[in-house]
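These are my notes from going through one model. I took the points in the order in which I looked them up.

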Amino acid sequence: MVKARYFLFIPILLQAQYYTISGYVKDQQSQEVLIGAQIQVQETGKGAFSNAYGYYAIRLPKGTYTLIATYLGYHNDTFKIVLNQNIRHDFLLIPSAVYLEEVVIESEEPDAALQDTRMGALQLDVQEIKTLPVLFGETDVLKMAQLLPGVQSAGEGQSGFFVRGGRFDQNLVLLDEAIVYNAAHFLGFFSVFNPDAINHFEIIKGSFPAQYGGRLASVVDVRMKEGNRQKRQFHAAIGLLASRAMIEGPIKKEKGTFLLSGRYAYAGQFLRFAPNEAVRKNVLYFYDFNAKFSWAFSDKDRIYLSGYFGKDDFRFVQGQLGWGWSNATTTLRWNHLFNDRLFLNTSIIFSRYNYDFEYRRVDDHFLYRSGIQDWTLKLDWDYFLSDAIQLKFGYQGTYHLFTPGKLIPLSDSSNVNPTEVPKRHAGEHGLYCSTSHQISRALALQYGVRLSYFALYGPLERYTFRRIEDPFPSDTAYISPWKRVADYWGIEPRFSMRWRINENNALKASYARTFQYVQAATYSSVGTPADFWMPSSDKVPPQQANQIALGWFKDFQNHQWQMSIETYYKWMINQIDFRPFAQVYLDPTYEKDILSGKGWSYGMEFLLKKRTGKWQGWIAYTLSWTRWQIPGINNGKPYPPFNDRRHDASIVLSYRLNQRWKFSAIWVFLSGQPVTLPEGKYEIDGRIIGIYNQRGNYRLPDYHRLDLSAEVRLGLKKPKQQHNSIVFGVYNAYRRRNTWSYYFERDKNDPTIQRAYKIYLFDIIPFITYNVHF
């Protein structure tokens, strides 16, 4: 009996004792949480990443360990520990741009690209890009993202962008988890993201983690700052065309924070100096406002409330013609820590986008309006199972309200009759589960699945046409409220892997399937405010994409240089386009003019980046092909859509001369986009009508441009205070006149000949911005 008792006790003696070290990764100065920071256990080579709220947890057997926390743009923080109980430890990282006693603390960025299992995930240092030259001197994170491989600009001065053959509406743009349907200000020349209010910016180009869904091309995840937890700060920037200001600080130290920021563009004020009186009466401006509040009830419960509102307004011809658009988002989040390893975030999210067009004359005074509105509930769990396995699972449900278009007379004398395309109601749901699994020092996997469901509901009228050419339907059926019109299920597997060949080399592979149930109806290649959003239905099936990718990632010279080469192939189903000469605005039967087919895109992306030293920057190059094949368009033959760009290259350089001066330069090259131009003409009653035989039959000329800037820091004799700065430079330094579009006119000497003329937007543009901190 004694021997038996001793034998049964052996497993208990041999069982390891496990403990958890957990906490937050924060900025040492402001106490802002850092999203996606890497915490590595030096002894095992494994570790974890902080989640979307800065929280991490690692479960380890009893022992002595060294933990290293690293984050883009920050100095590493090392913590040595004897782990014999559960421990709470917050890592406080020092920004790499901090100056101490005339010495620059260089960023010791981790080999994040080698460690990260995901492919195509790119993160930008928001503070660093504020000194780079941009259009009109206004810092824009979306413009900077377009300098990265695989992210292609939609055109001169546009905030729209294409990712790996995707359309502009196939990008999921999030601000504090809320969808931003139009991320552009000022006709697309600026984005809605105020750089002063942003804490985190990341774009994922291919293998989305399973928590993301609803789009095919990319995810742009932007998180606002929470506000400085230590002291109150004020920042302002005054530029030639726009100014911005921000105030942040603690409501109560270690308990609550606030952030308020605003931006106003006064470009229209310069019109008052125009010699023409009609031009002086035009209106041209935009503004936006960000706010965020947080409160920690305890170590386990925190609440965040954030919001954004932005509006553009343009009025011309002495106020007779005007249009504008607005975005509004609100996010209420509750973080709850069940224990050291189980983390829950619950979010209630509101998002709204509206577009207005007003025409004002004595007999024709009317307003056209379209828009979309969302209410969303999200539940996201993080379970830190061990130092090798982290689980994410959750649910997302969204109610969509679509306003395709309505016409509203604004005076009793208006000859316009009120018209409205009936609103549409839809529900979109998603369940997901994802696992990050570090099997060994060399091999790591991320695998998961997302189950999506979409349903379109009444009230709705469905129309039947005997022939598509018929102007009026032959039959109409009414569908009662909340009766299901159409529904779709989607199973979306996600997989990525990383094989660490050695200290400086890694290979990666990924596969992802995605569904998109909401899309934009547009005639434009880049997206305009006038586009209206529409749901999938019984007549418009959801879009689907499958993408595979392979990549080689390499660091050299002690991680000072980073190189990556990625290849991808994407095949797409139910890509949509309009019939030739379709008219879909204010047409309740617009779905009859929508055609769908298949598409495919493939290419190679190269990135070489220098991350430390006085010289920093990167070289990016993308080689890609995109084709669509849609029955009823281009005689059913494949054609290059507007987002097909063969070559896309950029060079970004910055040089830190000393503490006071920093110089930057950007050079970009883009192959011309496909355009559809007439190949012949005929004349009716003196009007020339173009003959179009083939989609994408011409290309715009190649685009290239050089931008230069310099930053001078003021007040360096006061090292304990924030320093003011001046950023100045030129956009399009060698005055390249890049073609924006074409227009056609009859030849003055021979009216039978019609000639094409190029339109360009910008010559050389100087800019200057004064930044104030205190």
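I began with the second largest cavity and listed what lines it in this predicted model. The lining is made up of Glu 32, Val 33, Ile 35, Ala 52, Tyr 53, Asp 176, Asn 199, Arg 223, Met 224, Glu 226, Lys 292 and Arg 333. By class, I get 6 charged residues, 5 nonpolar and 1 polar in that lining. The volume of this second largest cavity is about 80 Å³. I also noted the total, which is 8 cavities of 30 Å³ or more.

Next I looked up a sheet. I find an open sheet of 5 strands with mixed pairing, and I read its order as β11-β18-β19-β14-β15. Which strands stand at the edges? They are β11 (121–124) and β15 (178–179); each has a single partner strand, so one side of each lacks a neighbour in the sheet. Inside the order I checked the pair β14 and β19. Strand β14 covers residues 171–175 and β19 covers residues 218–224; the two run parallel and are joined by 5 bridges. One of the bridge partners I wrote down is Ser 218 in β19, which pairs with Asn 171. Arg 223 and Met 224, from the cavity lining, fall within the residue range of β19.

I then went through backbone angles. As background, most residues other than glycine have a negative phi, and most peptide bonds are trans.

The peptide bond between Gly 458 and Pro 459 is cis, with omega at about 10°. I place Pro 459 in the loop that links β31 (443–457) and β32 (460–464).

Trp 482 is not glycine, yet its phi is positive, near 65°. Trp 482 sits in the loop between β33 (475–479) and β34 (484–502). Is this side of the model buried or exposed at Trp 482? Trp 482 counts as exposed, because its relative accessibility is 55% and the cut-off is over 50%.

Gln 557 also has a positive phi without being glycine; the value is near 55°. Its loop runs between β38 (543–556) and β39 (561–578). At 52% relative accessibility, Gln 557 is exposed as well.

For a contrast in accessibility I looked up Ala 455, which belongs to strand β31. Ala 455 has a relative accessible area of 0%, so I log it as buried. What does Ala 455 touch, leaving out residues up to four places away in sequence? I get His 425, Ala 426, Gly 427, Arg 484, Ala 486 and Asp 487. I also took one distance: 8.1 Å separates the C-alpha atoms of Ala 455 and Ser 537, which are 82 residues apart along the chain.

Last, I wrote down the totals. The protein has 774 residues, and 57% of them count as buried. I count 52 strands and 5 helices. Taking contacts between residues at least 6 apart in sequence, I find that 65% join residues at least 24 apart. The accessible surface is about 33,400 Å², and carbon and sulfur atoms hold 59% of that surface.

Definitions and conventions: Residues are numbered from 1 along each chain as its sequence is written. This is a predicted model: local features need pLDDT of at least 70, side-chain atom pairs count only at pLDDT 80 or more; totals for chains, interfaces and linings use all residues. Side-chain values use heavy atoms; hydrogens and water are left out. On a 1 Å grid over the protein atoms alone, a cavity is a set of points where a 1.4 Å probe fits but cannot get out, and a pocket is an open set with protein on both sides within 12 Å along at least five of seven lines; lining residues have an atom within 4 Å of a point. Grid points are joined across faces, edges and corners, and a volume is the space filled by probe spheres set on the points. Ala, Val, Leu, Ile, Met, Phe, Trp, Tyr, Cys and Pro count as nonpolar, Asp, Glu, Lys and Arg as charged, and the others, Gly among them, as polar. Helices (H or I, at least four residues) and strands (E, at least two) are DSSP runs, numbered from the N terminus. Buried means under 20% relative accessible area, exposed over 50%, partly exposed in between (1.4 Å probe, protein chains only). Contact means heavy atoms within 4.5 Å. Accessible areas come from the Shrake-Rupley method with a 1.4 Å probe; for residues, only the protein chains shown count as cover. Two strands pair if DSSP finds at least two bridges between them.
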